[in-house]
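Subject: Structure handover

Hello,

The structure is below, with the sequence.

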Amino acid sequence: SMAVLDQYVSFPASTDWDFGDGVPWQASFRLFSATGRGSAELFFSSQSAHFGAGWMVYSEANYTVIRLASNGSIKAEWPYVFPSDIWTAHRVNYDGVGNFRWYVNGVLLGVRAVTGIVNTVTPLAVGNGIPSTVTGFTGNIDEFKWEKDPSLVITTSETYAVETGAYPDS
């Protein structure tokens, strides 16, 4: 797992982190949002500068909404009140034709049609932003799994069964 603020995991720059390039992708992860968190904290991002080119996924409004932003503007929002000091399972995906879905504990928060994502070939940061001066996530992010492939079948149902055990090490 990964701890707060300036601690994050970064993956090398790749077109794999392009959000709206027409290739389906899905990210699954668990969050432990700790007490004392800020009002805007990043989950993961591939941005060249704070709120600039690229994209970022973050909480806002005192942890009552999840936002997707790109190139200086908010592209989608999902209302969700984050609980403090418990683990929640999250999944966000893109179907390749413009629709983003967000799930919490296996329940769909909503589908958002999104256009205007500005992609950059930059590193993927989990738990903070690029550059690392952007406020990081207060708590822990664990079991982050990124899948992207033209043949990927993403979750589209209203609900899905959440795995309660840890992912295998292999």
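In the hairpin of β8 and β9, two residues lie between the strands, and Asn105 has a positive phi near 50°. Strand β8 covers residues 99–104 and pairs with β9 in the antiparallel sense over six bridges. Asn99 has Ala113 in β9 as its bridge partner. Strands here are DSSP runs of E with at least two residues, numbered from the N terminus, and two strands pair if DSSP finds at least two bridges between them.

This is a predicted model, in which local features need pLDDT of at least 70 and side-chain atom pairs count only at pLDDT 80 or more, while totals for chains, interfaces and linings use all residues. Residues are numbered from 1 along each chain as its sequence is written, and side-chain values use heavy atoms, with hydrogens and water left out.

The sheet

Phe29 stands opposite His90 in β7.

Gln26

Gln26 is in strand β2. Is Gln26 buried or exposed? Its relative accessibility is 5%, so Gln26 counts as buried (buried is under 20% relative accessible area, exposed is over 50% and partly exposed is in between, with a 1.4 Å probe and protein chains only).

Leaving out residues up to four places away in sequence, Gln26 touches Arg91, Val92, Asn93, Lys145, Trp146, Glu147, Leu152, Ile154 and Thr155; contact means heavy atoms within 4.5 Å. With Asn93, the side chain of Gln26 makes a side-chain polar contact at 2.9 Å. A polar contact is a pair of N or O atoms within 3.5 Å; within protein, one must be able to donate a hydrogen and the other to accept it, and residues adjacent in sequence count only if both atoms are side-chain atoms. Trp102 is 76 residues from Gln26 in sequence, and the C-alpha to C-alpha separation is 9.9 Å.

Salt bridges

How many salt bridges does a search of the whole structure find? There are five, a salt bridge being a side-chain nitrogen of Lys or Arg within 4 Å of a carboxyl oxygen of Asp or Glu. Those described here include the following pairs.

- Lys148 with Asp21: the closest N and O atoms are 2.7 Å apart. The pair links distant parts of the chain, 127 residues apart, with Lys148 in strand β11 and Asp21 in the loop between β1 (9–11) and β2. Asp21 is partly exposed at 35% relative accessibility.
- Glu143 with Arg30: the closest N and O atoms are 2.6 Å apart. Here Glu143 in strand β11 and Arg30 in strand β2 are 113 residues apart. Glu143 is buried, with a relative accessible area of 18%, and Arg30 is buried at 17%.
- Lys145 with Glu147: the N to O distance is 3.9 Å. Lys145 is partly exposed at 39% relative accessibility, and Glu147 is partly exposed at 24%.

Regards

Definitions and conventions
Helices (H or I, at least four residues) and strands (E, at least two) are DSSP runs, numbered from the N terminus.
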